[in-house]
2 protein chains.
Amino acid sequence: MMEGALLINKMLERAEQLFPKKEIVSRTASGITRLNYSELGKRTRRLSSALEKLGVGRGDKVATLAWNDHRHLEAYFGIPSMGAVLHTINIRLSPQHIAYIINHAKDKVLLVDPMFLPILEAIKDELSTVEAHIILSDEPQLPDTTLAPLYAYEELLTDANPNYEYPNDLDEHDPAGMCYTSATTGLPKGVVYSHRGLALHSMALGLADSAAISESDVAMPVVPMFHANAWGMPFAATWYGSTQVLPGPSFTPELLANLITQEKVTITAGVPTIWLGLLKELDANAEQYDMSSLRAVLCGGSAAPKGMIQAFETKHKIPFIHAYGMTETTPLVTLSRLKSHQEDLPYDEKLEIRAKQGYVVPGLEIKVVNDDGEVEWNGEDMGELLVRGPWIAEEYYNDERSAEAFRDGWLYTGDIVTIDEEGVMKIADRTKDLVKSGGEWISTIDLENVLMAYEDVFEAAVVGVPHPEWQERPIAAVVLKPDATVSKKELFEFLKPQFANWWLPDDIIFMDEIPKTSVGKFQKNRLREQLQDYLTV
Amino acid sequence: MMEGALLINKMLERAEQLFPKKEIVSRTASGITRLNYSELGKRTRRLSSALEKLGVGRGDKVATLAWNDHRHLEAYFGIPSMGAVLHTINIRLSPQHIAYIINHAKDKVLLVDPMFLPILEAIKDELSTVEAHIILSDEPQLPDTTLAPLYAYEELLTDANPNYEYPNDLDEHDPAGMCYTSATTGLPKGVVYSHRGLALHSMALGLADSAAISESDVAMPVVPMFHANAWGMPFAATWYGSTQVLPGPSFTPELLANLITQEKVTITAGVPTIWLGLLKELDANAEQYDMSSLRAVLCGGSAAPKGMIQAFETKHKIPFIHAYGMTETTPLVTLSRLKSHQEDLPYDEKLEIRAKQGYVVPGLEIKVVNDDGEVEWNGEDMGELLVRGPWIAEEYYNDERSAEAFRDGWLYTGDIVTIDEEGVMKIADRTKDLVKSGGEWISTIDLENVLMAYEDVFEAAVVGVPHPEWQERPIAAVVLKPDATVSKKELFEFLKPQFANWWLPDDIIFMDEIPKTSVGKFQKNRLREQLQDYLTV
């Protein structure tokens, strides 16, 4: 068989050839821009040609600090197609971490939304490899900044070659993109995506049993394009010729609901927080919107509360798909689709299955291990999830920490899971968050989910705290809703019937706020530090 | 990214792990057998273990002469998974060609349906590499035959290891299967399929915009498993956990209609002749069947008449999908799906589009060339179709004829096509059948399709015949339906308004029969020979 490379440029070429008039609807600071794949193709080639003039060559890293818009999409294709590497920078990282990853990746050129200039200005003296800054804006005038040298994206494109020819000797194993994880502790770790990995991941997203991304879709990635390739949606949607809606900066639930209504969005993707916001907006102002075009809301990043899935589906008739993945996995690993024999189950049982993380997509393999070896798929025994396959990273980029996470050909995800007889995976905890009590494991996520289902509870985090006899015991930190008055005793009464006795927290502590990371996740290591002497002193 | 090999054994392992109870419904000479993926997995491992005991090792060729049934499916997975090569023999080839390909492939073991023993007995003295014959049958007793050594499949499996472990060092580029083309002239040419090619082809079949093969499908490949891997359906259906229905030997339209009704088949695949037969059966006895489960009838191999597509869809509400491919392309290249902007066209226009061969699936590239170079996609200009991509052969197996068909990284298909502005391809002719008249090209297929649409015409073949002035001119050979009385003049009157004057055949000859190949295609080279002096002497 021919090698017939799986390459990013082939995806865009297909869209230009077969779907030249399909649109990308892009929201930027200047409003809505519409362009089609024929125009996107030409602009993308102009971008590559402009980058080449700036000295970008094969394997050079070009970074983006950008929202989900058409210029970011042009970077998604223009940078890897010329053989360079697209480094999407998570703008929610701390400035110190951003400086670290720019230097660590050796980024040569930065594509920057003007909104992020202050971040770069603050760290510019630390940056040792950057040779040019390109401002992503419709404005002809360059913003006032101390960064140099400085170029206007649109001006560079005007002067560039729309017929730039992509090299025909790219190898599918060549690096195409990279993204750094937002570690809760330590420095961010870099993941490099190959053309092959991104192409195969796109195929997985197009499978009927997966996200089924199709030409007839209007796809709106709400998950940021600086976050695990917006879950690969921009690549897949382009390859298959879907209409794309890119919601741009600082959107509100109202704005998303309006975009879905006006553009007839069929599939969208984002984290639970986004969907919680959309749900509130729909609950409040349902009559203003038409959600009937939506065939799937993909949700990942962290576990979606069952109640939210139910509210989307029963109140608003919006199909909800729970998925699991991480930066290291491009990211799609599992997806919670029902199997055909489950379709006739009562709704509650189906919801129970679909609130889990789902089963593994074709092309990947998963297994679960604990200290005793491989764990049986019985829905009860917990262990760490291992993943392998052609869109799974094999190492962190130039990082000694690779040896921990990548062993014997598998990625050790650090997620503690169960898998049931049907192969359906459920996240129980992060390895480091799991409570190890007297040789048994307690899932903090299970406890948190039940606590957060209590009406008066705004949020709850459970951590393992050192204990003289049991090694560790769970302590729950709870933030109540404004004006709520529930007592510790009432919460314990609520928990008791739902857990084995030894799972119950040793105490419930009311707090004003739970410490969080820059990306809004519970910072459990800080909570653990705060509580470390709670049961011993 | 990890290499995470795209391997045949991973597909079956996924089905065993995630869909152990989904069924394969297999029709053999003994009746219907039902087994599930868990059982299929064990039997497949037993087969590999048995073959190993018979001396089959890495890279050895194991051939099948078999219908579509569960044992053939076990061979599909058991042979490549152990690192050997599955050689599916087209039992419709002449015995001389079968002898040639067994020797040419150096087949070590033959898996044979008892029905084909006479073929092998006739050629056994010519076979130089075969070391064992395995009889595919439920019968415990071996049939009476002069072939030796002889083994009973089921007996070998009983004695074999159901936990046989597949090698973990297979490379995705290793050969997994092979199939010889049924050449209309000359000796058959061998195509070798890699694990990678078959896996990527399976992904293409699972895409929402392609055949969308899914876990919820009940897939029935009617196209023989000895013909381009039954268009890859058994691999994809197993990977995705579909129920499979394998219709076995010598089926009738009635039998197919009953299987669809009883097993609730959702997708099936075959050549136009099969669907013409089914259509007649449905027209005659619609009330006996329930076709409502069918979501797609895939049709390829040769062009389906527009009237047939229309009859399936309007009379019987059965969605019909036209596809194009060949042995050299694994086979899927194009598929005639409407694009979303075409969905609102009037039915006739949609039918017009869908009666063409469709646009190229993701992962492949096509272009069209003639003597002047690359041909524009305008729906008019004809040229030879070129294909490249990761499931396209790069050569014929040990065959000097490779140099003709494989050039500059492209497969020259030998098919003359047009492609329109939407990228939709239409087969105009085979290169060698095209009539070259005064420097212009005339499509024999277009003429034949119109002639065959005439009610009294049973079949029609058009060939180019040497002409002293125009180089070649078309002559039509027509077979009338029994008792039909149409005149040559009437047929010319029928053709005239539909073609440019210079496209009209120089003569129409009535015949009793048009010469055909072993697989039922018009043998135009023989017809050309018969008519070669028709316009010159």
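This is a predicted model: local features need pLDDT of at least 70, side-chain atom pairs count only at pLDDT 80 or more; totals for chains, interfaces and linings use all residues.
Author: A:Met1, A:Met2 and A:Met203 supply 21% of the area that chain A buries against chain B, more than any other three residues.

Reader: How many residues does the contact take from chain A and from chain B?

Author: There are 56 residues from chain A and 56 residues from chain B. On the side of chain A that touches chain B, H7(A) gives the most, with 6 residues.

Reader: What makes A:Glu365 and B:Lys10 a salt bridge?

Author: The rule asks for a side-chain nitrogen of Lys or Arg within 4 Å of a carboxyl oxygen of Asp or Glu. The side chains of A:Glu365 and B:Lys10 meet at 3.0 Å, N to O, so the pair passes the 4 Å cut-off. Across this interface the rule finds 4 salt bridges, along with 22 residue pairs in polar contact, both residues at pLDDT 80 or more.

Reader: Why is A:Gln357 called buried?

Author: Buried means under 20% relative accessible area. A:Gln357 has 4% relative accessibility, so the residue counts as buried. A:Gln357 is found in the loop between helix H12 (347-354) and strand E16 (359-360) of chain A. Leaving aside neighbours within four places in sequence, the contacts of A:Gln357 include A:His322, A:Tyr324, A:Thr334 and A:Met425.

Reader: Why is A:Arg58 called partly exposed?

Author: The class lies between the limits of 20% and 50%. A:Arg58 is at 44% relative accessibility, so this residue counts as partly exposed.

Reader: Which residue does the side chain of A:Arg58 meet in a salt bridge?

Author: The partner is A:Asp169, at 2.6 Å, N to O. A:Arg58 lies in the loop between helix H2 (37-53) and strand E3 (61-65) of chain A, and A:Asp169 in the loop between helix H6 (153-158) and strand E8 (175-180), so the pair ties together parts that are 111 residues apart in sequence.

Reader: Are A:Arg354 and A:Glu313 buried or exposed?

Author: Both are buried. Their side chains meet in a salt bridge at 2.6 Å, N to O. This pair links distant parts of the chain, with A:Arg354 in helix H12 and A:Glu313 in helix H11 (residues 306-316), 41 residues apart.

Reader: And in chain B, which residue forms a salt bridge with B:Lys524?

Author: That is B:Glu448, with the closest N and O atoms 2.6 Å apart. B:Lys524 sits in helix H16 (residues 524-530) and B:Glu448 in helix H14 (residues 444-452), 76 residues apart. Both residues are buried.

Reader: What makes E26(B) and E27(B) a pair of strands?

Author: Two strands pair if DSSP finds at least two bridges between them. Here 4 bridges join strand E26 (residues 471-480) to strand E27 (residues 507-510), so the strands qualify. The two run parallel, and the chain crosses between them through helix H15 (residues 488-495) in a right-handed β-α-β crossover.

How values were computed. Residues are numbered from 1 along each chain as its sequence is written. Chains are lettered from A and ligands numbered from 1 in the order in which they are written. Side-chain values use heavy atoms; hydrogens and water are left out. Buried means under 20% relative accessible area, exposed over 50%, partly exposed in between (1.4 Å probe, protein chains only). Contact means heavy atoms within 4.5 Å. A crossover is right-handed if, with the strands pointing away from the viewer, the path from the first strand over the helix to the second runs clockwise. Buried area is the accessible area (1.4 Å probe) that two parts lose on being put together, summed over both. A polar contact is a pair of N or O atoms within 3.5 Å; within protein, one must be able to donate a hydrogen and the other to accept it, and residues adjacent in sequence count only if both atoms are side-chain atoms.
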